[in-house]
Every structure is written in C-alpha cells, then in structure tokens.
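Here are my notes on this model. Please read them with the structure open beside you.

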Amino acid sequence: MKYLRRPSRKKQFIKFLVPFLFVLGLLYFLGQLGESKPSEFTEYAIQVNKMIRASNETAEGFNELKIQAPTISRAELKARLIQYTKDCADVQEDCASLMVPEELRKIHPYLQLCFEMRGKGMEDYQPAIFNALKDEDLEVATSQVSKALRYLSLSDDAYVLFKENAEEFFREKGVDASLLELTSFDAELAFDKSGVLSFLQELKGIEALEIIHGVAIVELSTNPKQTSYDESSKTAILPEVEEFVVVVTVENQGNQIENNLLVEAILKSEIELEGQLKSVKINSLAPGARKTITIRGLKPTGSGVINLFTVTVGPLVGEKLITNNTREYKFVLK
C-alpha cells in the first residue's frame, strides 16, 4: 500500500510567499511611479521657475553693473552688456520652446511677452549706451536709453499678469505649485529723461551740475517781412497779405531736458477786444538746443490798425529767470 507524501510546510510557504511578494513589489513600483511623476502643470511651473532664476541672475548683474559703470573699463562694460543680452535671448528662446499644457495656453503669452521685452530692452540698451559715450549732444542717446529701459521696466508688469493668472489656475486645479518673484531691472528712471541724462553725464565723466530750468524766446520773424520800422512808436510796418505767419525760436537755456513745452501766441488789435490764441507744444528740448516753430492761422487787422503779437513759452517750475519767456511784436498792416 502506497502512502502519498505530504508536501513540506516549507514548500507550501514558498508557494504562497512568491506571488505575495510579486504583488507587493508591483504595488510598490506603481506607487513609486505615481509619486515620482509630476503632473504636467507642476512640470510647467518647475520649468518656468528655472527661467525666472536665470532672468533674475541677469537682472541682478545688470543692476550691479549700472552702479559700477562709471568706474569700469569700456571693454568690460561692453563685454558684460553683450553677455546680458545673450542671457536674455537664451531665456526668451527657452520660453518659446517650452511645452505648455493646453489649459495654460491663454496665460502663457504674458510670460512670453515678459521675456520678449527683457530681450528687446537689453538688445537696444548696449548700443544706446555706447552712442552716448560717442556723442557730444546727448539728446538722441538719452531717448534711446530711456526707450530701452522702458522695455525692461514694463516686462515686470507682464510677469505680474502671468503670475497672478497662473497661480489662480493652480489653486483652482488643486496643483501644489508656486512661481518665483521676478527681480526687476534697475529701470526706475525709464520714464524720466532728465534722470537718464544725469546717468549718462556721470558715465561720460561729466561733473554733476546744479539743476537749472530755463527756456526763452530768442528769435521772432514774420511773413510778410516788415518793410519799415517806426522808432518813435516802436511799431513795425508790414504789407497787407492774405496769410500772416510768425516763426518763433525757443531755446533751452538750462541744463535739463525739458518735455512738453507749451508755446502760446496771442494776437490783439486796437479794435479787437478778444485776442486770437494759438498754441504749439514742443515734445522735448535738450539743454542748449533750439526749436523753431511756425504759427499760422492768425488774422491781423489791416488798414493801419495797430496789432500786438505776444508769444510766451513756460515758465517752468523752478525757473528763476522768466523775463525772456515772452516776446512782443507791435505792427500795422499798410
């Protein structure tokens, strides 16, 4: 009679243990896989923060360079500005090639705009600075530098819009992600050309000047031109014409760029109780510069009636000498 051999307890245990360990290992692997793989939104935030860190490093270097600029060599200044321009272009390129989740495609353009303005600002800043170092008259270079700084300054606003919208989206989706703050370029003088001019003067080694505001009317002529002048009554004699034109030259006699200068002209006569008014605006006038403007549309009274033409520029806030802001011209048409 044969007896069946019972399997040993050891073998039974192994049969049970192997599939158990297999299932346990599979569950662990799947769990680890799920934990290690971030969501597409988290991955997007990680990549954005990498670009922000790179852009912040450039901004910090640029801000430090602005302080050092008057004391370092021109070669070092140029080399560092070229490097910062390249760094901005690299971040801009990284942003353009970033994989953007479908639901963030409406928000992402704010980030692109931020880096595009930083790239454009740095691209324009370097040649503008070296124009200032070459040019004797700083009006053009001041405008160029101011425009470049404006791009750098406005890039911050674009990033604020991006960050606010992106983080609100993350909260709504329950995504555990946050975005870094953006370091601003030192561009607080972007909209103040007088501040930019002071920086350029310092960069060129020009001593800081006492701030002086002063504008004046330095020339005045008419068309038609006067045919004679009555010294006793101080009255010019002009021929009668259909159109009367006055040409006025304004000079900036201070040491600051003056913006939005208002020039007002009034024409009166012995028989006109209300004067005729014309105004012209000069957008910008650099120190020592002159601007000639033409005033048309005034209708003087003829037939020997005395007319008085008065033209005024300013006065400016803080202007000490204002006696040369106005010029009068008395005439008759005959």
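1. Helices (H or I, at least four residues) and strands (E, at least two) are DSSP runs, numbered from the N terminus. The chain has nine strands and six helices.

2. Keep the source in mind. This is a predicted model: local features need pLDDT of at least 70, side-chain atom pairs count only at pLDDT 80 or more, and totals for chains, interfaces and linings use all residues. Residues are numbered from 1 along each chain as its sequence is written, and side-chain values use heavy atoms, with hydrogens and water left out.

3. Look at the open sheet. Six strands form it, in the order β2-β3-β9-β8-β5-β6, with mixed pairing. Two strands pair if DSSP finds at least two bridges between them. β2 (228-230) and β6 (272-285) are at the edges with a single partner strand each, so one side of each has no neighbour in the sheet.

4. Now take one pair. β5 (residues 258-269) runs antiparallel to β6, over 10 bridges. Glutamate 258 sits opposite leucine 285 of β6.

5. Turn to two helices. α2 (residues 40-68) packs against α3 (residues 74-96) at about 160°, and their axes are 10 Å apart. Axes are lines fitted to C-alpha atoms, for helices over the stretch in contact, and angles run from 0 to 180 degrees between N-to-C directions. That makes α2 roughly antiparallel to α3 (angles over 145 degrees count as such). The contact (heavy atoms within 4.5 Å) includes Met51 and Phe62 of α2 and Leu77 and Tyr84 of α3.

6. Last, the whole chain. Of its 334 residues, 40% are buried (under 20% relative accessible area, 1.4 Å probe, protein chains only).

Note on methods:
Buried < 20%, exposed > 50% of the residue type's maximum accessible area, 1.4 Å probe, protein only. Parallel < 35°, antiparallel > 145°, perpendicular 65-115°, else oblique.
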